[in-house]
Amino acid sequence: MKKYAVVVSLAMVASASLWADAGEGALRAAIPEIFTKSAAHYKALDAAATARMDRGTVGTKLLPYSYNRSKGELDMRDVSWWTSGHYPGALWYLYEATGDKFFKERAIVWTELLEPHRSNSTHHDTGFLMYCSYGNARRILKTDRYDAILFETAGSLAKRFSEDLGLIRSWGQIGDKTNFLVIPDNMMNLELLEWAAKHPCKSFEDACGKADFYDKVARSHASVTMKHHFRKDGGTYHVLNYDQRPGFLGVVQEIRRGQGLSCETAWSRGQSWAIYGYTMMYRETGDRSYLEFAQKVSDFAINNPNMPEDGVPFWDYGAPGEERDSSAAAVMACGLLELSGHVGGEKGASYRAFAVKQLASLASPAYFSEGDEVGHWLLKHSVAHKPGGEEVDVPLNYADYYFLEALLRLKNME
């Protein structure tokens, strides 16, 4: 079995490398066809998801997440699942890319299922849930009809902020004095807070007048995370547990492996969250320390000796030869494309070229699915949580979401 896995891996590299070597011009030329294929995939996927909902338990709200090979059907999760915003977000991107009103109509339906989570303060993932869905809806439709929902969501997320630590608690109950857990994924949710800090609040009274607070929370979390959550070489830890006791306040009392291989290796998707997150924080604040740090965490990934030739990392940088994670590549490519424009010059061009290589690989037959190969999802070969034995070598809705986002970013770049 191990020998077969190696052969498949080598074939993947050869196939993806052919695309990657073609360069940006070839990828740009292929983008319309990629969007056309993606649209066909998602129309079939949406039909399957709607059929599942129609025959489900009354009142149950499920959104597409992955694909269950053993059952031969979509893996759908409760509306509260942390990735539920990525599916409607992908529909919004397909509407933006194609202009097909089908995707607008379906995106509205799935997005509005998430509305109850505007008041959810039980975890940090409300940014993923609500900004990827409602945030894109607001931007693409050019409407303020969802502003009250977004402002309330920002307020719910900010409730998890500790003034003493200067951090947003990622997991666990507010008020827990034993554990204060923080993960790099949380960087992605700061964009919601920066949005709330910059937009006029007219319709949600409790959030109005808090612009400075939201900006403070986002900057504080990013800066404290930057100080503690990374090794000297720029590699990230996954889970840090901060001490809350007087005299030890803010000390890292525990490092947990989380979804990575070990406490001393870098989990690839966590590294990609950092690349994207610190680039976004520079865009939103203009703080050059974030720009410099975004380059540091990017350089760690790009120059890592275990980075495969096709630019699609193994699920952990300390696990060469094991499963790839196309979701980590998609998130990383998104971040690098934006970073390239902020950095400019030769280094910026190198970031852009690496992102193009990653996208070309993901668009190749090695990673981009054909027909119903993986339940009409776009990207194969993602890894959600290998240590937990969950969703290993599968499609994932957030892999598709960031793949489409990256293609749109490249399409819109000069």
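Predicted model: local features only at pLDDT ≥ 70, side-chain atom pairs only at ≥ 80, totals over all residues.
Trainee: What makes phenylalanine 151 and tryptophan 195 an aromatic pair that is tilted?

Mentor: Their rings are 4.8 Å apart, centre to centre, and rings pair if their centres lie within 6.5 Å. The planes are at 45 degrees; under 30 would be stacked and over 60 edge-to-face, so this one counts as tilted.

Trainee: Which parts does that pair tie together?

Mentor: Phenylalanine 151 belongs to helix 6 and tryptophan 195 to helix 7, so the link joins parts 44 residues apart in sequence.

Trainee: Why is the pair of tryptophan 273 and tyrosine 402 called edge-to-face?

Mentor: Look at the angle: 70 degrees between the planes, and over 60 counts as edge-to-face. Tryptophan 273 is in helix 9 and tyrosine 402 in helix 13, so parts 129 residues apart are tied together.

Trainee: How do you know whether tryptophan 273 is buried or exposed?

Mentor: Its relative accessibility is 0%, and buried means under 20%, so tryptophan 273 counts as buried. Tyrosine 402 comes out at 2%, so that residue is buried too.

Trainee: What makes you say that the charged end of arginine 77 sits over the ring of tryptophan 81?

Mentor: That charged end is 4.8 Å from the ring centre, and the rule asks for within 6 Å, plus an angle within 35 degrees of the ring normal.

Trainee: And which helix gives the most to the lining of the largest pocket?

Mentor: Helix 5, with 8 residues.

Definitions and conventions. Residues numbered from 1 in each chain as written. Heavy atoms only, no water. Helix = DSSP H or I, 4+ residues; strand = E, 2+ residues; numbered from the N terminus. Phe/Tyr/Trp six-rings, centres within 6.5 Å; stacked < 30°, edge-to-face > 60°. Buried < 20%, exposed > 50% of the residue type's maximum accessible area, 1.4 Å probe, protein only.
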